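Please open the structure in your viewer and keep the selection panel at hand. The tour below goes from one selection to the next and says what is found at each stop.

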Amino acid sequence: MTQTAAQPISGLPQARERVFSGIQPSGASHLGNYLGAQANYVAMQAEYDAIYAIVDYHALTTVHDGEELRRLTHEMVLDLLAVGLDPDRCALIRQSDMPEHAELCWVLNTVVPVSWLERTPTYKEKRQQGVDNSMGLLDYPVLQAADIVIYKATRVPVGKDQAAHLELSREIVRAFNRRYGSVFPEPQAVYTESPVVLGIDGATKMSKSAGNTIPIFAEPDEIRRLVMSMVTDPLRIKRTDPGRPEVCNVCGNLHRFFGGDYLQIQDGERTARTGCVETKQLLADRIIAFFEPMRERRAELAATPGIVEEVLAAGAAKVRPLLVETMREVHDAVGIGTR
Ligand code: TYM
């Protein structure tokens, strides 16, 4: 069997590569999500045939209250529209509107050795964090692979924490294609310039589960409070001590993304011309100003009745033909259903 080109979602002749990415509705969007992934979602919708999903099936592994999951899913649609996803230029979908993702996950499960999943770093990490050791948690990366390959996407904008999942997706594609012929292309991760954003502790990855996030749509006072609590260079005890930008998440890292003068800022810290407090105040001002237009847009969207369901329905309508075609090929290749 030969691999057929996926159909474009735009209705135009297939000329552009397809992009897919997913985000869990498991909490408010934070600086790590934005700088590590969402900024690329927005940039890539201009040049690629882009599909973005709110992956609520995945979130079932950690969010166990139905009303809360529904609320978080709604909020995530607003976040993604507010940061700049344009439903006319991409398809924004809710994973559970496409149950075929779960069907394909099952088919892919049959080519995946359990040992591949048991050695996945995120699985080990989540178990250490005390997340329920469900079959869903173990199988999480296979569903992720299904999300991507059901649309034959080849580019996947994600943060570096997803690197192992993407590598696994590629292995799964190879295993499936080896057994059944060349059905799926191998997807590639696409990273931003800040693929790993550290949290306010300055030590571990910013994440909802670590409780060290700066939510991008928090109230300005809350953003300021969180930025002011960020850990800087731990060896800079006194104001007169020189700072080390290479170990400081504030001047060494985050300032790079919120203003063109970060080299001067780093120099100020290195020579103790400036202190951590003023550098954090400046960062807080800049983060608040950067997200202000998005916050305003989000408030407008939140006040528009029906907008979320409308966007999701339009997204579903755009992508459904693609997934139906892929599942037809899959059924044909593996020998289920009628021809
Ligand atoms: P999730 O919901 O944890 O995160 C969404 C995106 O944000 C990125 N990210 C970060 N990037 C840099 N620094 C950080 N501190 C940081 N925190 C989060 C993540 O890398 C991700 O790109 N498994 C995925 C969801 C998923 C998916 C998919 C992704 C399901 N199916 C298919 C791509 C393709 C996840 O849990 O992302």
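A salt bridge is taken here to be a side-chain nitrogen of Lys or Arg within 4 Å of a carboxyl oxygen of Asp or Glu. In this model, which is predicted, the count by that rule comes to 28 salt bridges.

To look at one of them, select Arg71 and Glu68, which form a salt bridge whose closest N and O atoms are 3.0 Å apart. Both belong to helix H3, residues 66–83, and because Arg71 and Glu68 are 3 residues apart in that helix, about one helical turn separates them.

Next, select the ligand, which sits in the largest pocket. The elements that give two or more residues to the shell around the ligand are strand S1 (18–23), helix H1 (31–45) and helix H7 (135–149).

Now extend the selection to the 26 residues that surround the ligand, the closest being Tyr140, Gln144, Asp147, Gly159 and Asp161. Colouring this shell by residue type would show 12 nonpolar, 11 polar and 3 charged residues.

Finally, show the surface: of the 720 Å² of accessible area that the ligand has on its own, the protein covers 96%.

Methods
Residues numbered from 1 in each chain as written. Predicted model: local features only at pLDDT ≥ 70, side-chain atom pairs only at ≥ 80, totals over all residues. Heavy atoms only, no water. Near = heavy atom within 4 Å. Areas by Shrake-Rupley, 256 points an atom, 1.4 Å probe, with all protein chains shown as cover. 1 Å grid on protein atoms, 1.4 Å probe; cavity = no way out; pocket = protein on both sides within 12 Å on 5 of 7 lines; lining within 4 Å. Sits in = over half its atoms within 2 Å of the grid points. Helix = DSSP H or I, 4+ residues; strand = E, 2+ residues; numbered from the N terminus. Nonpolar A, V, L, I, M, F, W, Y, C, P; charged D, E, K, R; others polar.
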